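Here's a quick tour of a model, with a look at confidence, surface patches and backbone. Have the sequence and the 3D view open as you read.

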Amino acid sequence: MKKQTQLRLEADVLEAGKAAARARRLDFNKYVERLIIEDTTGARAAGMAAAQRLIDEHGTFLDDLEQQLDAPYADPQPGAAA
C-alpha cells in the first residue's frame with residue numbers, strides 16, 4: 001500500500017523535476033520515487049563510481065576523440081585561406 005505525502009518545492013525546482021520526469025517518460029511521482037530508491041539503495045553511487053572509472057581509464061582517449069570530431073568545425077586560424 002502506498003502512502004501519500006506532500007512536498008513543498010521552489011517553483012523552478014518543481015518545473016525542473018517535471019521536465020526531467022517527462023524526459024524519462026515518467027510521471028512526476030514515479031520520478032521522485034526512483035530518485036529516492038536510487039539514493040537510498042546505493043544504485044546512484046554505484047553508477048557514479050562506474051562513470052568515474054570509465055573517465056579514469058579512458059578519459060584521454062575520449063578527449064582525443066572529441067578533439068578529432070570537433071576539428072572540422074573549428075574556427076580557421078587567422079591568415080588561413082577560407
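Helices here are DSSP runs of H or I with at least four residues, strands are E runs of at least two, and both are numbered from the N terminus. This is a predicted model, where local features need pLDDT of at least 70, side-chain atom pairs count only at pLDDT 80 or more, and totals for chains, interfaces and linings use all residues. Residues are numbered from 1 along each chain as its sequence is written, and side-chain values use heavy atoms, leaving out hydrogens and water.

First, confidence: pLDDT is the predictor's own score for each residue, from 0 to 100. The protein chain averages 90, and 93% of the residues score at least 70. Confidence is lowest in helix α3 (residues 43–70), with a mean of 92, and highest in helix α1 (residues 11–23), at 97.

Now the surface. "Buried" is under 20% relative accessible area, "exposed" is over 50%, and "partly exposed" lies in between (1.4 Å probe, protein chains only).

| Residue | Relative accessible area | Class |
|---|---|---|
| Leu-54 | 45% | partly exposed |
| Asp-64 | 38% | partly exposed |
| Arg-25 | 77% | exposed |

Leu-54 is in helix α3, and together with Phe-61, Leu-62, Leu-65 and Leu-69 Leu-54 makes a nonpolar surface patch of about 470 Å². Asp-64 also sits in helix α3.

As for the backbone, Arg-25 has a positive phi, near 60°, and is not a glycine. Most residues other than glycine have a negative phi.

Methods
Patch = residues over 30% accessible without salt bridge, like charges linked within 9 Å, V, L, I, M, F, W, Y side chains within 5 Å. Areas by Shrake-Rupley, 256 points an atom, 1.4 Å probe, with all protein chains shown as cover. Salt bridge = Lys/Arg side-chain N within 4 Å of Asp/Glu carboxyl O.
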